[in-house]
Amino acid sequence: MKTSEEVLANNLKSSNEILKINHLRTSFRIKDSYYDAVDDVSLSLKENEVLAIVGESGCGKSTLATSIVGLHNPLNTKVTGEILYNGSNIVKLKEDDLNKIRGNDIGFIFQDPLSALNPLMRIGDQIEESLFFHTKLDEQQRKKRVLELLDQVGIINPKRVARQFSHQLSGGMRQRVMIAIAIACKPKIMIADEPTTALDVTIQAQILDLLLDLQAETNAGIILITHDLGVVAEVADRVAVMYAGQIIEIASVQELFNNPKHPYTRSLLNSIPQVERESEKLEVIQGIVPTLTKLSKHGCRFSPRIPWIDESKHEKEPQLHEISPGHFVRCTCWKNFHFDGEKGGSHL
Amino acid sequence: MWKTIARRFLIMIPQLFVLSIFIFILAQFMPGDPFSGLITPQTDPNRIEELRELAGLNDPVYVQYWNWIVNMFQGDFGDSYTFKVSVASLIGDRGLNTLWLSLLSVFLVYLIAIPLGVIAGRYQNSLKDKTIVLYSFISYAIPTFVLGLIFVYVFGYKLQWFPTSGTKDVEEKAGTLGYYWSIIYHLLLPAITYAVLGTTAIIQYLRSEIIDAQLQDYVKTARSKGIPMKKVYSRHIFRNSLLPIAAFLGFTITGLLGGSFFIETIFGYPGMGKLFIDSIMARDYSVITTLIMLYGFLTLLGSLLSDIILSIVDPRIRIE
Amino acid sequence: MSSFMEVKDLCVHYPIRGGFFNTVIDHVYAVDGVSMEFEKGKTYGLVGESGSGKSTTGKAIIGLEKITSGKIIYEGEDVTHQRRKRDSAYNRDIQMIFQDSQSSMNPRKRVLDIIAEPIRNFMNMTVQEERKRIIELLEIVGMSEEAMYKYPHQFSGGQRQRLGIARAVACNPKMIIADEPVSALDLSVQAQVLNFMKDIQNEYGLSYLFISHDLGVVRHMCDHISIMYKGRFVETGSKNEIFKDPRHIYTKRLLSAIPNIAPESRLERKHKRRQVEVDYKKEQHKYYDEDGKVYPLSSVSSNHSVAIGSIEKGGYESVENNS
């Protein structure tokens with residue numbers, strides 16, 4: 001019963017698009033040539049939505065996240081395409097105009113809160129900084145707001161913590177502080193890059209719950225970058241799976257876990273140790289993720305890892321196809337995909 | 001904190017004790033004694049022997065050592081054989097000269113090195129950076145006495161902008177403004193020479209620290225907050241990059257009394273560096289041993305001072 | 001079947017120094033009275049959050065940490081003080097795999113020398129025999145002969161972890177202590193390494209002590225699981241007992257926090273998690289003694305023990321009825 005309720009709620013709440021990414025390409029310079037770490041990604045984020053971006057290391061998900069707020073070094077990075085927010089294209093914005101959006105409209109949460117907090121600056125001052133640059137509050141009001149924020153992210157003794165330094169806090173507390181920084185100016189969008197990877201499971205659960213609670217208050221759209229499909233299943237509304245810089249499948253969370261289509265998504269799900277298949281062998285994906293410099297720009301990028309699927313089953317220039325409302329899959333190989341050793345054609 | 005400081009001072013006692021034994025033994029091994037230089041065909045060997053007896057040089061070794069230590073504790077470091085004054089007042093005079101020179105030098109070093117280090121780190125691989133790095137390597141490669149001599153020749157002898165020796169103008173009356181100005185005036189050329197050549201370490205340190213800090217996650221956090229780059233540098237990168245230099249500050253402060261033999265010699269400036277080398281040449285035991293004990297003590301003090309400074313600027317380090 | 005190895009009341013305490021004379025003023029009880037028995041061919045999971053002492057336990061068993069008190073008995077013999085002897089049977093038979101295989105391999109040595117190290121230490125082999133053995137080992141972990149002449153950095157994380165396994169099994173060990181062996185690996189690579197570990201176990205009858213914070217992986221790999229907190233076991237038992245019938249509030253809380261890849265039931269899980277959290281806050285004191293320490297284990301059934309104080313057992317029952 002709860003399931004349908006939840007679906008209904010999702011449909012209701014996801015109406016307003018607040019961020020639209022069109023044909024985003026982020027390229028890094030390596031020895032005088034540019035390589036695409038993010039290759040033609042198009043996405044949209046709605047108000048009050050949790051959009052998860054999953055993939056293994058090197059698939060470009062973190063690069064995508066940092067591209068949205070333009071944090072790359074312009075000397076060795078090229079970003080093209082469109083990131084539309086509030087009528088302007090973030091990619092084309094000048095640094096000064098970007099700074100008005102960063103921290104104000106878009107909050108960012110990093111993976112490791114220990115290294116993401118300045119070790120020499122008091123916690124309170126680090127939160128206050130955002131307020132200083134984005135609001136007209138005077139010093140007293142800012143200090144008051146800092147305490148409110150710390151309280152809002154579930155810190156028991158805000159007054160004391162505001163005066164402390166990051167090394168004096170536990171991992172979970174630090175991540176709460178990071179979240180307080182991210183939500184300080186009530187952003188419309190929050191980007192969380194592996195926010196719980198460095199934490200223990202019980203703390204992870206608390207932090208994820210906190211993010212959702214805050215979302216319920218602010219209606220922010222959340223982009224959650226993670227490699228952990230379990231976390232995705234717990235909090236996401238929609239999921240984009242990335243492989244080698246491209247989105248290869250995108251669907252609602254129920255659809256993705258119950259009806260995965262792309263061979264990569266299916267292989268990933270089968271490689272998770274699960275209760276139902278306790279004694280079975282885990283699915284292994286042959287080969288390795290291609291490195292940026294060795295990536296072939298043509299054909300299905302996943303084909304080298306499923307060599308038992310005939311080359312003719314892949315599209316020449318694989319595109320994302322909408323196979324049911326809201327469910328997109330890249331390439332046509334999924335239609336004929338079967339796991340190595342299994343009989344073919346079962347998914348036709 | 002006070003407890004730790006007290007404990008560190010306590011630990012210094014055995015350390016200095018061991019140092020004193022080493023110094024004493026080394027002094028014993030040095031060939032000759034203060035009187036061997038006085039011997040001429042005219043001197044009466046008995047008179048020399050008498051002097052030796054009087055100076056206590058014929059006592060058993062441990063008695064000599066004991067007398068030395070006891071006197072030292074009473075503030076009596078003996079007399080300099082070459083300068084014919086007490087070591088305490090000699091070191092007092094020279095030390096003060098050196099202190100002024102070092103203070104000005106170190107001030108100039110920081111004044112030059114910190115902006116250059118910051119610029120080089122911030123604009124890494126730019127023309128500015130490359131020029132600064134080139135300067136720091138060249139200054140590292142030039143020997144002090146070469147640049148010192150060039151400066152004396154050009155600014156002192158040819159252009160006559162600066163005096164070439166001494167510590168002050170003898171004609172000025174003590175306490176007047178002119179008197180103090182003349183002291184600073186005499187300091188300037190040697191201090192500039194020192195500063196121009198002494199910046200390498202700080203420039204290089206600061207440059208690499210800033211380059212490192214730029215890549216830290218907390219800088220990314222700061223940028224993601226929408227803080228302008230200028231402020232990110234002043235609030236986040238700069239302070240964190242100064243830590244290693246702060247860590248060295250204790251040694252720099254206690255090192256102020258060390259002096260530089262070359263600078264002092266070239267500029268005819270009577271300071272500690274020259275005193276040390278001169279007294280070794282003249283076998284002036286009491287000066288040598290006192291100076292080594294002093295430097296030993298200052299080194300220990302410097303490490304304590306560095307720890308205290310670091311604990312003030314870095315909240316992660318606390319001494320209890 | 002009886003155990004071939006036993007750890008009895010293992011303690012690893014680190015002194016904390018302080019005061020004016022820098023004397024020992026207290027101890028960190030990293031491992032504080034841990035007992036385990038190991039049977040042939042089984043996998044033992046050691047689970048806990050960061051700082052629980054699980055890694056220290058593994059390192060103490062193999063001899064990388066000094067044991068404060070307690071005993072390790074291997075095939076009937078007390079080997080507590082032999083762990084560091086170069087040629088003892090214990091050292092040959094118990095091997096270790098590390099989380100970060102890169103830093104556990106000398107970067108300037110070829111794979112050949114890395115894998116040969118235990119062979120040269122423990123076995124008398126001619127150069128030809130050694131070569132043959134290394135090729136055999138590489139085959140076991142699915143790598144070709146050419147790998148011998150490469151350096152560790154030329155491999156991917158998963159491949160290096162497999163080389164680590166090859167090195168660990170080189171001298172036919174009886175047990176391998178695996179400290180977070182797959183935590184640094186991507187999902188598909190993790191699957192590959194876990195499969196290998198299972199294959200090798202089936203073939204050679206190895207035992208594993210599998211140390212991990214990932215309960216999903218532990219559930220997949222282990223027969224017997226111990227949950228550790230503050231240097232002690234809060235609960236230990238067969239996999240089924242732990243997952244189906246957790247008794248200690250700490251275990252329950254840990255289990256309720258594991259993400260599940262079933263999005264349709266996530267609201268239920270969230271409610272349950274919140275309920276456990278409420279119980280945890282309310283009932284916590286009953287599960288720890290006055291100093292906040294975990295009680296000694298008392299047995300619930302033949303293969304399940306839980307750390308509940310004898311008087312508090314009543315309290316524990318009432319919690320069970322409430323929830």
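What follows is a short chat about this predicted model.

Me: Hi! What should I know about the model and its numbering?
Reply: This is a predicted model, where local features need pLDDT of at least 70, side-chain atom pairs count only at pLDDT 80 or more, and totals for chains, interfaces and linings use all residues. Residues are numbered from 1 along each chain as its sequence is written, while chains are lettered from A and ligands numbered from 1 in the order in which they are written.

Me: Thanks. How many helices and strands does chain C have?
Reply: Chain C has 11 helices and 12 strands. Both are DSSP runs numbered from the N terminus, helices being H or I of at least four residues and strands E of at least two.

Me: Switching to chain A, what is the strand order in the open sheet of 8 strands?
Reply: The order is E6-E7-E8-E3-E9-E10-E12-E11 in chain A, with mixed pairing. Strands pair if DSSP finds at least two bridges between them.

Me: Which strands stand at the edges?
Reply: Those are E6 (106-109) and E11 (320-324) of chain A; each has a single partner strand, so one side of each is left without a neighbour in the sheet.

Me: How do E10 and E12 of chain A pair?
Reply: E10 (residues 246-252) and E12 (residues 327-330) of chain A are antiparallel, over 2 bridges. In one of the pairs, Glu249(A) has Val329(A) in E12(A) as its bridge partner.

Me: Nice. Which residues touch the most other members of the largest nonpolar core?
Reply: Ala180(A), Ile191(A), Leu224(A), Val239(A) and Phe210(C) do, in a core of 211 residues. A nonpolar core is a set of buried Ala, Val, Leu, Ile, Met, Phe, Trp, Tyr and Cys residues joined through C-beta atoms within 7 Å. Buried means 20 or more other C-beta atoms within 10 Å of the residue's own, with C-beta atoms placed from the backbone. H8(A) gives the most to this core, with 8 residues.

Me: How much of chain C is buried?
Reply: Of its 323 residues, 42% count as buried.

Terms used
Buried ≥ 20, exposed ≤ 12 C-beta atoms within 10 Å, placed from the backbone.
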